[in-house]
Amino acid sequence: MQTSLNNEYSEYINLLKAKDAINRKKYGQKIKDTVNPADKKLREYLANRIYDLLRDNEEQYQKNNSSNKKRDLMAQIKSQGLTENKKLLNLEKERLKKLDPKSKEAKRLKMQIGLRKYYIRQINLDAQKESLDMRIAQLQSVPSTDLNKFFLHSLDEQRELIQLRKLPRYRLIQNPKLMQRFNVLKARYMDVNKVPINLVTTKSVLARKKQLAAEIAMIQSNTDDPSISLVIPNPNSDYRIMNATAYYKNLEDILDAKLQIHKNNQAYQNDLARRNELNRPLFADLKKKYEFAQNSELINAELERQLTYINNNQKKYQKNSKHQGIINNNLSRLLGQINQDGRKRVLALRKHLNDEDDIEREDRELEREEIYER
């Protein structure tokens, strides 16, 4: 008010004085002076505005300073590489457990852990995209067929999902259509082996199983396609299509087991004993199915065991069929003997029609023969 605002301030005071003079002239000399209260109010207002500006500047400074710190820390994290970051991440998690959550050290460590997780996640997503790009290039190098087009479309969607995963979470939240697309693709291409049990839902399992069913159906109906070796999970397997079918079935079983465990966890939240009783065999089965999903040789061994079992049963059936043939031959012979005995009785009746005694004698002889044969 004494420098840059001096003219404005002087004019403001003069206007207040002029107003007071007019009011005194109209209403008398007892009218209170308004210059000092107004001046005081102006000074308080300006002081508060200065404080507000200082606070805003301080917050912006802290924000910028924090951004600078994050940027510097991120540069340091990137320089340490993937392996070192994974190692440091585990150590920092353990250290965080021992700290007071409200302490400055804990807050700083949480930020550092978050940045390490972000870096590792981005590196993993980049690796996944690189792998997808290689598979897409391979499929594009062979003739275009229904099988080829189907799996190229599937790989393109998986690449789209990776791009969505790389976006900051707030970008998805701000765009409902983008978030919806993300959720659809996330369920359709859910990593069966890695998805946590608490994130498995009936809706997501149905979406993933629908995609798996579509893939194996395309494989089974296009076994002679030039692209088949590029899309089946274990192309070097001796059983190829059978191995692929078993692989997909194993993935569906993993999803079913995880969903059932999730349902048991929800249904028996307050009954730990019952929950463990139901989940224990499911976890044991999951462990076995994880091994199958990661080792095609185990699938081959299981297929070989099943085929051996089927072959053995076929041989047993053939043997039983042969034995049944012998029984049928014996029955035919016996029936023939019965028919022969019947003819004897008819002849005897014709020959001795008028001789009752001969008939009775013939009957007794036939009965003795039957008893002897039995």
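A pocket is an open set of grid points with protein on both sides within 12 Å along at least five of seven lines, and the views below apply this idea, together with helix packing, to a predicted model.

**View 1. The largest pocket and the residues around its centre.** In this predicted model, the largest pocket has a volume of about 1,800 Å³, and its lining is made up of 46 residues. Those that lie nearest the centre of the pocket are Tyr-189, Met-190, Asp-191, Val-192 and Arg-208. Two or more lining residues come from each of the elements α3 (104–140), α4 (146–166), α6 (176–188), α7 (202–220), α8 (228–231) and α9 (241–267). Of the elements, α7 gives the most to this lining, with nine residues. Sorted by class, the lining of the largest pocket holds 25 nonpolar residues, 10 polar residues and 11 charged residues.

**View 2. The second largest pocket and its lining.** The volume of the second largest pocket is about 270 Å³. Its lining consists of Ala-246, Lys-249, Asn-250, Asp-253, Asp-285, Lys-288, Lys-289, Phe-292, Ile-299, Glu-302, Leu-303 and Gln-306. At least two of the lining residues are supplied by each of α9, α10 (272–294) and α11 (296–351). When these residues are divided by class, four are nonpolar, two are polar and six are charged.

**View 3. The packing of α3 against α4.** The axes of α3 and α4 lie 10 Å apart, and the two helices pack at an angle of about 160°. Because angles over 145 degrees count as roughly antiparallel, α3 is roughly antiparallel to α4. The crossing of these two helices, α3 and α4, is left-handed. On the α3 side, the residues that meet α4 are Arg-121, Gln-122, Leu-125, Asp-126, Gln-128, Lys-129, Leu-132, Asp-133, Arg-135, Ile-136, Leu-139 and Gln-140. On the α4 side, the partners include Phe-151, Leu-152, Leu-155, Arg-159 and Ile-162. The contact of α3 with α4 contains eight nonpolar, six polar and nine charged residues.

**View 4. The packing of α4 against α6.** Here the helices α4 and α6 pack at an angle of about 125°, and their axes are 10 Å apart. That angle makes α4 oblique to α6, and the crossing of α4 and α6 is left-handed. From α4, the residues Glu-157, Glu-160, Leu-161, Leu-164 and Arg-165 meet Leu-178, Arg-181, Phe-182, Leu-185, Lys-186 and Arg-188 of α6. By class, the contact of α4 with α6 has five nonpolar and six charged residues, with no polar residues.

**View 5. The packing of α4 against α7.** The axes of α4 and α7 cross at roughly 155° and come within 10 Å. The two helices, α4 and α7, are therefore roughly antiparallel to each other, and α4 passes α7 in a left-handed crossing. In this contact, α4 contributes Asp-146, Leu-147, Phe-150, Phe-151 and Ser-154, while α7 contributes Gln-211, Ala-214, Glu-215, Met-218 and Ile-219. The residues of the contact of α4 with α7 are six nonpolar, two polar and two charged.

Conventions. Residues numbered from 1 in each chain as written. Predicted model: local features only at pLDDT ≥ 70, side-chain atom pairs only at ≥ 80, totals over all residues. Heavy atoms only, no water. 1 Å grid on protein atoms, 1.4 Å probe; cavity = no way out; pocket = protein on both sides within 12 Å on 5 of 7 lines; lining within 4 Å. Points joined across faces, edges and corners; volume = space filled by probe spheres on them. Helix = DSSP H or I, 4+ residues; strand = E, 2+ residues; numbered from the N terminus. Nonpolar A, V, L, I, M, F, W, Y, C, P; charged D, E, K, R; others polar. Axes fitted to C-alpha atoms, helices over the stretch in contact; angles between N-to-C directions. Parallel < 35°, antiparallel > 145°, perpendicular 65-115°, else oblique. Left-handed = near helix turned anticlockwise from the far one by under 90°. Contact = heavy atoms within 4.5 Å.
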